[in-house]
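Morning, everyone. Please bring up the model on your screens, and I will walk you through it chain by chain.

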Amino acid sequence: MKPARRKQEGRWAWRLTGFVTLCVYIFMFAPIAATVILSFNASMFGGFPMTGFSLQWYGKLMANEAVLAAFRTSLWIALVTAAATTAIGVVTSFALVRFDFPGKQALSTLVILPALVPETILGVGLLVLIKAVDQPRTLLLLVLGHILLAVPYVVLITQARMVGIRRVYEEAALSLGASRFSSFREITLPLLIPAVVAGALLAFTISFDNTSASLFWRPAGVETMPTQILSMLKISISPEINALGTVMILVTVGIPLIGGVLMQSLTKLRRRGEPKEEAK
Amino acid sequence: MPDRSQASLSPRPVSAGAPGTAPNMDAEQPAVEFRDIDIAYGKFVAVRDFSLSIRKGSFVTLLGPSGCGKTTILRSIAGLVDISGGQIMIDGRRVDDVPIYKRNIGLVFQSYALFPHKSVFDNVAFGLKYRNVPKPEIARRVGQALDMVRLPGSEKKLPSQLSGGQQQRIALARAIVFEPQVLLLDEPLSALDANMREEMRVEIKKIQKATGITAIFVTHDQEEALSMSDRIVVMNAGSVEQIGTPEEVYERPATAFVADFLGKANMLAGTVSRSDGQIAVTLAAGQTVHVTSPRPLAPGSKVTVVVRSQKLSVGPAAGGNRLSGRVVSTSYLGGSAIYEIDFGGKTSIRANAPINGRIVREGEIIEVGFDPSGCVLLDENGQRIS
């Protein structure tokens, strides 16, 4: 009797756990699913019920010059941000991990600080600064702003990896005749690559997604994808926005995914380079 | 410290059997020379006033407990540690200001430090590549080096596919393939398991002899030091205790530290009671022993008699000075046994004696003997009397 009862209790506990888990996942993904599904809705109102399947909103998107311009702008900004931020991140974390200098601890905290300051404050701050030195708002400013936002995260990632790369590798390279630069390029950097890729992807998404700070920084007449969506929303909730949202999701989720898969297959390939022989 | 000054002044021909020790080569340049090196990290002085000259082709070991400065000295040759005073010469060239990558030294680390993302070939070829050796020549020499460490054909493997011992052999190949002026080995055996360690010990020594390369080896393991070295530099707390051949440092320890660190010799404290030809020493427990001394000593002076446990004979075989005591513990080792023997609760002695007849058990009273010349006398400062 007793074991049977315990078994039943166990079954109920499992069912409950399963149910709660399901709810959490629905809660997390329902908005995303709604956006994606509604982007294929034939109705001209951006909400349920579905009236039929259609790709017309994607077609409209493709024909919308403003949207395409915004997409191109965002893409370029994100690419430049990713490249610049990764370079800064690698150099910064190398300095922070490999060298000892007075105030190192303070500096390493300071680098992370912008990540903790509310974005709106940073947005206003940079704007005020630019006004103070009497410079126009340009695309360059927008890129610099995005770099400012992404650097802390990239430094965190690369720093964590750098700590894990033992110094003896560099010492070995130096002792074998490689200059400091060569040993960095041939030893440290390749070992750092996973963090470099992860950092670049993160910087890309941070830049591509950024809304509030971009609203402050963008030059007049320039829209990024998120600000374009915002300005479209001011007019109406058109189904076009759902289509645009789906594209955004594809880019910001897809790129890191592709990056991750690429990384994995790359390391696998390298390992598979030689048939495995048992070490005696 | 008598041995130190002598040894540091000139490369004495103490390294019997080492290549390049023929007397007519005495005038030759030492491979590595330290002149009054000081190394400090902030306020902490890691090495003080270190002088040593190492002859070409010899195998020198820096031996000492952790924190004695031996690794610091090794790293200073490589240029990984800056010296605060003195000079380091490699082949007569002062290298204090030469950056590490221009020093032409081979370095083997405790943790192998093979580049994990490069194949065995690329690891071994690394040093040659930076010396602008043409490609076919690189391939030939890498193959040769891999033959030497008995891992031919492993070119395409990654370090992670090799065992610890194999990795260390590749690391050795990588360090010697470009024929460096000096080979530095920083506790290369410590990370290996016991069986592998012994095999690698022989292997390293063989390769060193075959190539005739000058090797500096750092270890805290006295067995490694004794079995591999032409000369041993025993270090403690940043300075040199003794420099000599393995036999010298073992048989004639210069200080109490050396006697204790190498093989835990018995140290019997006593007072000189008579000094004519042989010295009579009255031990703390009351017994008197007779020992030979290089010079007469004033009665009443405090001395320590140092006797190796292997120099003690036990039971009926006991000869020379005879002491009787109670066995406190017996460790059976097969061919021999280690006895710990107590004399009147004040002095205890470890004797490592072959077993003839039967093993003496705990609690029994036995006779222990040692030859008057089988021991070393230290003065009250722990320095050998000479």
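Let's start with chain B, which has nine helices and 20 strands. Helices here are DSSP runs of type H or I with at least four residues, strands are E runs of at least two, and both are numbered from the N terminus.

A word on the ground rules. This is a predicted model, so local features need pLDDT of at least 70 and side-chain atom pairs count only at pLDDT 80 or more, while totals for chains, interfaces and linings use all residues. Residues are numbered from 1 along each chain as its sequence is written, and chains are lettered from A and ligands numbered from 1 in the order in which they are written.

Back to chain B. Its C-alpha trace spans about 75 × 45 × 45 Å along the principal axes. The chain has 386 residues, and 46% of them are buried. Buried means that 20 or more other C-beta atoms lie within 10 Å of the residue's own; exposed means 12 or fewer, partly exposed is in between, and the C-beta atoms are placed from the backbone.

Now contacts. Two residues are in contact if their C-beta atoms, placed from the backbone, lie within 7 Å. Take the contacts in chain B between residues at least 6 apart in sequence: 67% of these join residues at least 24 apart.

Next, domains. The assignment for chain B gives domain 1, residues 2–104 + 181–260, and domain 2, residues 264–378. Such bounds come from an automatic or database domain assignment. How far apart are the centres of the two domains of chain B? The answer is 33 Å, taken over C-alpha atoms. Five residues of domain 1 of chain B are in contact with seven residues of domain 2 of chain B. On the domain 1 side, the classes are three nonpolar, no polar and two charged. For the classes, Ala, Val, Leu, Ile, Met, Phe, Trp, Tyr, Cys and Pro are nonpolar, Asp, Glu, Lys and Arg are charged, and the others, Gly among them, are polar.

Let's look at some strands in chain B. Find strand E14 of chain B, residues 302–307. Five of its six residues are buried, so E14(B) is largely enclosed by the rest of the structure. Which strands pair with E14(B)? One is strand E11, residues 266–276 of chain B, joined to E14(B) by six bridges and running antiparallel. There, Asn266(B) stands opposite Val307(B). Another is strand E20, residues 376–378 of chain B, antiparallel over three bridges. In that pair, Thr304(B) faces Leu378(B). We call two strands paired if DSSP finds at least two bridges between them.

Chain B also has an open sheet of five strands, in the order E15-E19-E16-E17-E18, with antiparallel pairing. Strands E15 (313–314) and E18 (347–354) of chain B are at the edges with a single partner strand each, so one side of each has no neighbour in the sheet. E15(B) is joined by two bridges to E19(B), residues 365–370, in the antiparallel sense. Ser313(B) is opposite Gly369(B) there.

Now, where do the chains meet? 22 residues of chain B are in contact with 20 residues of chain A. On the chain B side, the elements giving two or more residues are strand E6 (105–108) and helix H3 (120–129) of chain B. That side divides into 13 nonpolar, six polar and three charged residues.

Over to chain A. It has 11 helices and zero strands. Its C-alpha atoms fill a box of roughly 80 × 70 × 40 Å along the principal axes. A compact globule of 280 residues would have a radius of gyration near 19 Å, but chain A has 25 Å. That radius is taken over C-alpha atoms, and the globule rule is 2.2 Å times the number of residues to the power 0.38. In chain A, 30% of the 280 residues count as buried.

Is Ser183(A) buried or exposed? It has 24 C-beta neighbours inside 10 Å, so Ser183(A) counts as buried. Ala173(A) is 10 residues away from Ser183(A) in sequence, and 5.6 Å away in space, C-alpha to C-alpha.

Last, confidence. pLDDT is the predictor's confidence in each residue, from 0 to 100. Chain A has a mean of 84, and 92% of its residues reach 70 or more. Watch residues 272–280 of chain A, where pLDDT stays under 50.
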